[in-house]
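Keep the sequence and the model side by side.

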Amino acid sequence: MDAASEADAKMSEDSRLDPAALKLLGALISALTQDANLIHAPELAFFRDFLQSCGAKLPAPKVEASEAGSSKASEHQADEPEEREEEKEEEREESEEPEEPEEPEEPEEPEEEDPERLPSDPEPYPEVGPSGTAELTDEQLDAQRALKQAAQEAFEDGKLEEALQKYTEAVRIGKPSAMMYAKRAEVLLRLKRPNACISDCTLAIGVNPDSGKAYRIRGKAHRALGHWEESHKDLSMGQRLDFDDGTIEVHRLVDEKWSRISERQTRKRLREERSARQRVEREAKRRKAAAVQAYNEAKKREAKEKEARRAKRAAAEAAAAAAAAAAA
């Protein structure tokens, strides 16, 4: 082989490019095909200059390169479509689920006309027996019996103030019995002093918890004040302890009235419980929706950051490929 042939062969061998460099250059071109905006990466300044020197027309740079890359993110997230679709479906269900409306308040029933209703009487109430447990003398017992008899006769004659005075004098002697308090309470109720009557009945029950008369009279006093629940309890207890035919009618009236009130209170309580439960459920849904939204936003940020890292990595590899190709 002559010298000219050897020189041509040597030039041909030197002009061949390194296969590894060609592979990197191919990767750069593939990356630029997917995202032309990568050509504006600072690392590829030399490559831009080369292309422009060859008369190439480059695309205008985009303001948000990471957003441009994110438009391709769906191509690199084929492993997550089912999860994202489930999240979207769950969000749609949360937003479409109607909230249960608050139950309207039940209108208050107008208070019925009650001709037997009495005004509340203020203190002071009739005096109570003296404290102490000393036994009464025979003379005191005789005096007390006489006063009780006089009070009973005055009561039967309709002399209510006199009856009250005689019972109070008998109580003042000491050691008043439950029956004495209960009978004075009966006089007080006839005098339209229901609170004073209730006070005496409570004293009687304190002396004898099984005093049916005291419970019945106190129940009637509560009825006169419109205390339907207390009246129902006292009249029921009095009739259990010592049934009285004369109390049947008022007991039936109080039972009917309290039954209606009790049913209304039960409905109100159940409505308030349902409203409270609905408020708790709405708050739980709100917090869940907020948590789902925060999770989805975090996932979106993560996907954007991942795509930005991928684009940056591709640009770096492309720059390295271009540098290697230029060196070769």
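Start with burial. A residue is buried under 20% relative accessible area, exposed over 50%, and partly exposed in between, with a 1.4 Å probe and protein chains only. At 56% relative accessibility, K192 therefore counts as exposed.

This is a predicted model: local features need pLDDT of at least 70, side-chain atom pairs count only at pLDDT 80 or more, and totals for chains, interfaces and linings use all residues. Numbering starts from 1 along each chain as its sequence is written, and side-chain values use heavy atoms, with hydrogens and water left out.

Now the overall picture. The protein chain has 12 helices and 0 strands. Helices (H or I, at least four residues) and strands (E, at least two) are DSSP runs, numbered from the N terminus. Buried residues make up 30% of the 328 residues in the chain. The accessible surface comes to about 21600 Å². Carbon and sulfur atoms hold 52% of that surface. Accessible areas come from the Shrake-Rupley method with a 1.4 Å probe; for residues, only the protein chains shown count as cover.

Next, contacts, meaning heavy atoms within 4.5 Å. Take the contacts in the protein chain with a separation of 6 or more: residues 24 or more positions apart account for 64% of them.

Go back to the loop that holds K192. This loop lies between α8 and α9. Phi of K192 is near 60 degrees, a positive value in a residue other than glycine. R193 lies in the loop between α8 (178–190) and α9 (194–207) too. R193 is partly exposed, with a relative accessible area of 23%. What does R193 touch, not counting residues up to four places away in sequence? The list is D121, P124, Y125, P126, L164 and L188. The C-alpha atoms of R193 and A221 are separated by 8.4 Å, although the two residues are 28 apart along the chain.

One of those contacts deserves a look of its own. P124 lies in the loop between α5 (81–96) and α6. A cis peptide bond joins E123 and P124, with omega at about 5 degrees. K175 is partly exposed, with a relative accessible area of 37%.

Turn to the charges. Side chains of opposite charge can pair when their charged atoms come close. A salt bridge is a side-chain nitrogen of Lys or Arg within 4 Å of a carboxyl oxygen of Asp or Glu. By this rule the count comes to 13 salt bridges.

R145 forms a salt bridge with D142, the closest N and O atoms being 2.4 Å apart. Both residues lie in helix α6 (residues 138–156), 3 residues apart, about one turn of the helix. R145 counts as partly exposed because its relative accessibility is 47%. D142, at 43%, counts as partly exposed as well.

Another pair joins two helices. The side chains of R184 and D200 meet in a salt bridge (2.5 Å, N to O). R184 lies in helix α8 and D200 in helix α9, so the pair ties together parts that are 16 residues apart in sequence. R184 is buried, and so is D200.

D234 and R218 form a salt bridge too, the closest N and O atoms being 2.8 Å apart. The pair links distant parts of the chain: D234 is in helix α11 (residues 228–241) and R218 in helix α10 (residues 212–225), 16 residues apart. Both D234 and R218 are buried. Salt bridges that share partners also join D114, E116 and R223 into one network.

Finish with like charges. Which residues gather in a patch of negative charge on the surface? They are E153, E156, D157 and E162. Patches are made of residues with over 30% relative accessible area and no salt bridge; like charges are joined within 9 Å, and nonpolar side chains (Val, Leu, Ile, Met, Phe, Trp, Tyr) within 5 Å. Asp and Glu count as negative, Lys and Arg as positive; His and the chain ends are not counted. The place of a charge is taken as NZ of Lys, CZ of Arg, CG of Asp or CD of Glu. At 35% relative accessibility, E162 counts as partly exposed.
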